[in-house]
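Welcome! Please take a moment to look over the sequence and the 3D view, and then we will walk through them together.

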Amino acid sequence: MNKKRLMTWLIGALMLVGMSGPLWAQPGPQGKGLHGKGSQGKGGGMSKDAAPKSDMELIRFLLGHRKEIKRSVTNLPNGVVTVTESANPQVAAVLQTHVVSMKKRVEEVRPIHARDPLFAEIFRNARKINMLVQPTATGVKVVETSNDPYAVKLIQMHAVVVSLFIQNGQAEAMKNHPVPNRN
Ligand code: HEM
């Protein structure tokens with residue numbers, strides 16, 4: 001009797017293992033499914049630098065469409081007024097997004113393009129810079145000012161460099177731009 005009970009128990013245990021075995025053996029599809037969904041769903045944008053990457057994508061787009069961009073720069077005693085526009089609505093929209101995003105970077109002191117001394121210096125002085133951004137029908141108007149005379153120079157130089165980006169494209173973006181004199 002005891003032997004029979006043991007056999008019954010063993011058979012039962014084996015059946016259980018047999019049933020649940022495939023579950024243990026197949027975490028793959030579930031795991032893969034989740035993993036696949038994760039990486040596909042966000043288009044690879046799961047990395048921590050997703051935002052900087054998209055800033056760079058917008059910048060590359062603007063450089064690529066530079067011939068469709070018109071810009072005027074007016075110096076003020078304390079900064080600049082710039083109007084940057086495009087008849088191409090997609091370019092106009094990217095211009096607006098770029099400037100809003102860069103304004104946020106200046107406000108939060110999150111440097112970009114710091115390899116270029118001028119850009120590094122702008123972010124070192126970011127707390128002294130005020131940016132007022134106003135969308136226009138085909139682009140963006142920016143009033144960028146400071147109470148600090150050195151920051152005013154940085155703002156005005158940066159405005160010149162943006163115009164050079166439009167004039168010369170990627171070649172200009174690869175250059176280093178000097179910082180202004182403090183006096
Ligand atoms: C055709 C190319 C580009 C266009 C049309 C463009 C446009 C603009 C405009 C309209 C502003 C507002 C300030 C101003 O009008 O002077 C701005 C600010 C800014 N842009 Fe761009 N940009 C271009 C390329 C770049 C590149 C290559 C970078 C760096 C990788 C960059 C980084 C910035 C930063 C950091 C600011 C905020 C700093 C500040 O205004 O002082 N931009 N950009």
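This is a predicted model: local features need pLDDT of at least 70, side-chain atom pairs count only at pLDDT 80 or more; totals for chains, interfaces and linings use all residues.

Where is the place of I112? I112 sits in the loop between α4 and α5.

## The whole chain

Let's begin with the overall plan. The chain contains seven helices and four strands. Starting at the N terminus, the elements follow the order α-α-α-β-β-α-α-β-β-α-α.

The chain has 183 residues, and 15% of them are buried. Of the contacts between residues at least 6 apart in sequence, 60% join residues at least 24 apart.

## Strands side by side

Now turn to the strands, and to β4 in particular. β4 runs antiparallel to β2, and seven bridges join the two. Strand β3, made of residues 130-136, also pairs with β4 in the antiparallel sense, again over seven bridges. A hairpin of two residues links β3 to β4.

## Around the ligand

Which residues come nearest to the ligand, among the 26 around it? They are L62, T82, M102, H113 and A159. The elements that each give two or more residues to this shell are α3 (50-64), β2 (79-86), α4 (89-108), α5 (117-124), β4 (139-145) and α6 (149-168).

What kinds of residue make up the shell? By class, 18 are nonpolar, five are polar and three are charged. The largest share, six residues, comes from α6, so that helix is our next stop.

## A closer look at α6

α6 is 20 residues long, and from its first C-alpha to its last it reaches 28 Å, close to the 28 Å expected at 1.5 Å a residue. Its buried residues are A151, V152, L154, I155, A159, V162 and F165. These residues lie on the same side of α6, because they cover an arc of only 160° around the axis. Here is a handy rule for reading such a pattern: an α-helix has 3.6 residues a turn, so residues three or four places apart point the same way.

Just after α6, G169 takes a positive phi of about 65°.

## Back to the loop between α4 and α5

Now we return to the loop where we started. Most residues other than glycine have a negative phi. V109, found in the loop between α4 and α5, is not a glycine, yet its phi is positive, at about 50°. H113 has its place in the loop between α4 and α5 too, and its phi is near 60°, a positive value in a residue other than glycine.

Is V109 buried or exposed? V109 is exposed, because 12 other C-beta atoms lie within 10 Å. H113 has 16 other C-beta atoms within 10 Å, so it is partly exposed. I112 is partly exposed as well, with 17 such atoms within 10 Å.

Finally, find I112 and M102 in the 3D view. They are 10 residues apart along the chain, and their C-alpha atoms are separated by 8.7 Å.

How values were computed: Residues are numbered from 1 along each chain as its sequence is written. A residue is buried if 20 or more other C-beta atoms lie within 10 Å of its own, exposed if 12 or fewer, and partly exposed in between; C-beta atoms are placed from the backbone. Two residues are in contact if their C-beta atoms, placed from the backbone, lie within 7 Å. A residue is near a molecule or strand if its C-beta atom, placed from the backbone, lies within 6 Å of it. Ala, Val, Leu, Ile, Met, Phe, Trp, Tyr, Cys and Pro count as nonpolar, Asp, Glu, Lys and Arg as charged, and the others, Gly among them, as polar. The expected span of a helix is 1.5 Å times one less than its number of residues. The arc is that of the directions from the helix axis to the C-beta atoms. Two strands pair if DSSP finds at least two bridges between them.
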